[in-house]
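Me: I would like to go through this model by asking what stands behind each word used for it. Please set each value against its definition before you conclude.

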Amino acid sequence: MRTLRRAWGHPSAKVALLVLLAIALLAAFGGRLAPHDPLAQHPRNMLRGPGPGHLLGTDYLGRDVLSRLLEGSGRSVAGAVEAVAAAMAVGVPTGLASLWMGRVGEWLAQRAVDALMTLPFTVFAIAVVGALGNGMHQAMLALGVLYAPLFFRMTRAAALSLRHAQYVESAELFGASVGRVLRTHIWSKVLPTVIVTAAHALATCLLVVSSLTFLGVGVQPPAATWGGMLATDLGFLTQQIWAPVFPAALIVITAGALNLLADAVRDAGADELLPGGAPDPATGSPGATADTPDTPDTTKEQADAALPVA
């Protein structure tokens, strides 16, 4: 938790959290804030530019663009959150449990993870949607399965050096259960790594969700999504060259804020690893205190876990 408090001290983290809070409010209340019915068609107002009645103009069916952006925010953000939540639910517990599986269990778990990492996102999601039906939940379940190996490897790498720490072995010698060791001695130190991974995964999932909805996978029209609006706007560039800017800007701003937050948490964790509490010469932030345990050399498995999912 000390890492999270340090991250809050970074100005970039505050900016990112403010942006994400605004996006969360749009996702939660965007449909209620829409000035017009996002599905109402007005053929006489097709492809109108921004004006008093329609602040961002209208699309090829005369629907209000601002209303569709607000109403589609919840669907776009919820899809990315659902995929990451499913990946965390599968990857984090199994990553921690693999440390107690024994050599054979660890080998089998890592080979299963390697097999999942070879599958391409878009092709696998389309295959799942084709088998289970074209719906957002099916597509996000497919993404969650493919992102679970990322959380498995990052969680395992973060906890690997703690598994044989002296205080963990002492707790086990005194009869502490595996669950108690995880809750008391390991989880608080692994949590910053999980947060950084989740933030980066949310940004990537948002782009993947937008790509899938751009292709018409996961959402049935006329439901609005950022990716779906971007796809329809690209068909009318000669009439409205500015139209794709609005959904694309929301996608870029949200993904950028998530990556900014992840970098702030990562930098805060790096500050704690500085020896002797000395300030970081690059940022001026204080380092770890004297009671911070030494960090062992990075193993091959920890280095491999930092590799992006294919």
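Me: What makes the second largest pocket a pocket, and how much space lies in it?
Reply: A pocket is an open set of points on a 1 Å grid over the protein atoms alone, with protein on both sides within 12 Å along at least five of seven lines, whereas a cavity is a set of points where a 1.4 Å probe fits but cannot get out. About 300 Å³ of space lies in the second largest pocket, where a volume is the space filled by probe spheres set on the points, and grid points are joined across faces, edges and corners. Of its 23 lining residues, Arg 68, Pro 221, Ala 223, Gly 228 and Thr 232 are the closest to the centre; a lining residue has an atom within 4 Å of a point. This is a predicted model, in which local features need pLDDT of at least 70 and side-chain atom pairs count only at pLDDT 80 or more, while totals for chains, interfaces and linings use all residues. Residues are numbered from 1 along each chain as its sequence is written, and side-chain values use heavy atoms, with hydrogens and water left out.

Me: Which helix supplies the largest share of the lining of that second largest pocket?
Reply: Helix 9 does, with 5 residues; helix 3 (65-97), helix 8 (178-214) and helix 9 (226-233) each supply at least two. A helix here is a DSSP run of H or I with at least four residues, a strand is a run of E with at least two, and both are numbered from the N terminus. By that count the protein chain has 11 helices and 0 strands.

Me: Why are the buried residues of helix 9 said to line one face of the helix?
Reply: Trp 226, Gly 227, Met 229, Leu 230 and Asp 233 are buried in helix 9, buried meaning under 20% relative accessible area, exposed over 50%, and partly exposed in between (1.4 Å probe, protein chains only). Seen down the axis of helix 9, its buried residues fall within an arc of 160°, so they line one face; the arc is that of the directions from the helix axis to the C-beta atoms. An α-helix has 3.6 residues a turn, so residues three or four places apart point the same way.

Me: Why is Ser 73 called buried?
Reply: The relative accessible area of Ser 73 is 1%, and the limit for buried is under 20%, so Ser 73 belongs in that class. Ser 73 lies in helix 3 and, leaving aside its neighbours within four places in sequence, is in contact (heavy atoms within 4.5 Å) with Leu 26, Ala 27 and Trp 226.

Me: What lines the largest cavity, and how many of its residues are charged?
Reply: The largest cavity has a volume of about 30 Å³ and is lined by Leu 47, Asp 59, Tyr 60, Asp 233, Phe 236, Gln 240 and Ala 243. These divide into 4 nonpolar, 1 polar and 2 charged, where Ala, Val, Leu, Ile, Met, Phe, Trp, Tyr, Cys and Pro count as nonpolar, Asp, Glu, Lys and Arg as charged, and the others, Gly among them, as polar.

Me: Why does Leu 47 count as partly exposed?
Reply: Its relative accessibility is 26%, which falls between the limits for buried and exposed, so Leu 47 is partly exposed. Leu 47 sits in the loop between helix 2 (11-33) and helix 3, and its phi is near 55°, a positive value in a residue other than glycine.
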